[in-house]
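Got your viewer open and a cartoon view on screen? Let's take a short walk through this chain, one selection at a time.

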Amino acid sequence: MQRETRPFCRWCGKNLPKDTKTFFVVADLKNHKSVLEGIFGYVQGPVKSAAEAQRLVNGTVVKVSYKRPDHEGGISKFNVWDGVSYKACWGFFCTNSCAAAMGQATCKHPHSLFGPGALARDAQLRKAQR
Ligand SMILES: [Zn+2]
């Protein structure tokens, strides 16, 4: 079995959340052509179980919401993960707060944490000051 190499926040170390797409179960698909198509997905209902939802989409169904607590009436929406995508703020962080903390630390310790662009800029500024 392959070991999971899940990306984590470069500041706090928490796992980055999976980036999933929400699919809504609708009574009639042709009433749901909208500008949100692509951001959200729509499937023709009823969908009674997670296994049934899984058969309707590519990717892995990771979360289902039922219309009622007793599951009567089936699923109202479900989330699908493509197996590779994670949500990240600025590419590496779980939240903007973590990105800001990393930015602040970078400014306090410039020579250990500057990225290549910032290092070049720093060298340019130092040269100009001579
Ligand atoms: Zn974080």
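Predicted model: local features only at pLDDT ≥ 70, side-chain atom pairs only at ≥ 80, totals over all residues.

Colour the four strands. Together they form an open sheet with mixed pairing, in the order β2-β1-β4-β3. Which strands stand at the edges? They are β2 and β3, and each has a single partner strand, so one side of each is left without a neighbour in the sheet. Turn the view to see the twist, which averages 30 degrees from one strand to the next.

**Stop two: β1 and its partners.** Select residues 18-26, which is β1. How many bridges join β1 to β4? There are six, and the two strands run antiparallel. To see who faces whom, click Lys18, which stands opposite Tyr86 in β4. Then click Thr20, which has Trp81 in β4 opposite.

Now look at the other partner of β1. Select residues 41-44, which make up β2. Here the pairing with β1 is parallel, over four bridges. Pick Val25 and look across to β2: its bridge partner there is Val43.

**Stop three: the core.** Select Phe23, Val25, Tyr42, Val47, Ala53, Val61, Val64, Ile75, Phe78 and Val80, and show their side chains. These ten residues make up the largest nonpolar core. Which strand gives the most? That's β4, with three residues.

A handy thing to remember while you look at side chains: in a regular strand they alternate between the two faces of the sheet.

Leave aside its neighbours within four places in sequence, and Phe23 is in contact with Gly41, Tyr42, Val43, Val57, Lys77, Phe78 and Val80.

**Last stop: zoom out.** Show the whole chain again. Of its 130 residues, 11% count as buried. How much of the contact in the chain, at a separation of 6 or more, comes from residues 24 or more positions apart? Those residues account for 42% of such contacts.

Methods:
Residues numbered from 1 in each chain as written. Core = buried A, V, L, I, M, F, W, Y, C linked by C-beta atoms within 7 Å. Buried ≥ 20, exposed ≤ 12 C-beta atoms within 10 Å, placed from the backbone. Contact = placed C-beta atoms within 7 Å. Pairing = 2+ DSSP bridges. Axes fitted to C-alpha atoms, helices over the stretch in contact; angles between N-to-C directions.
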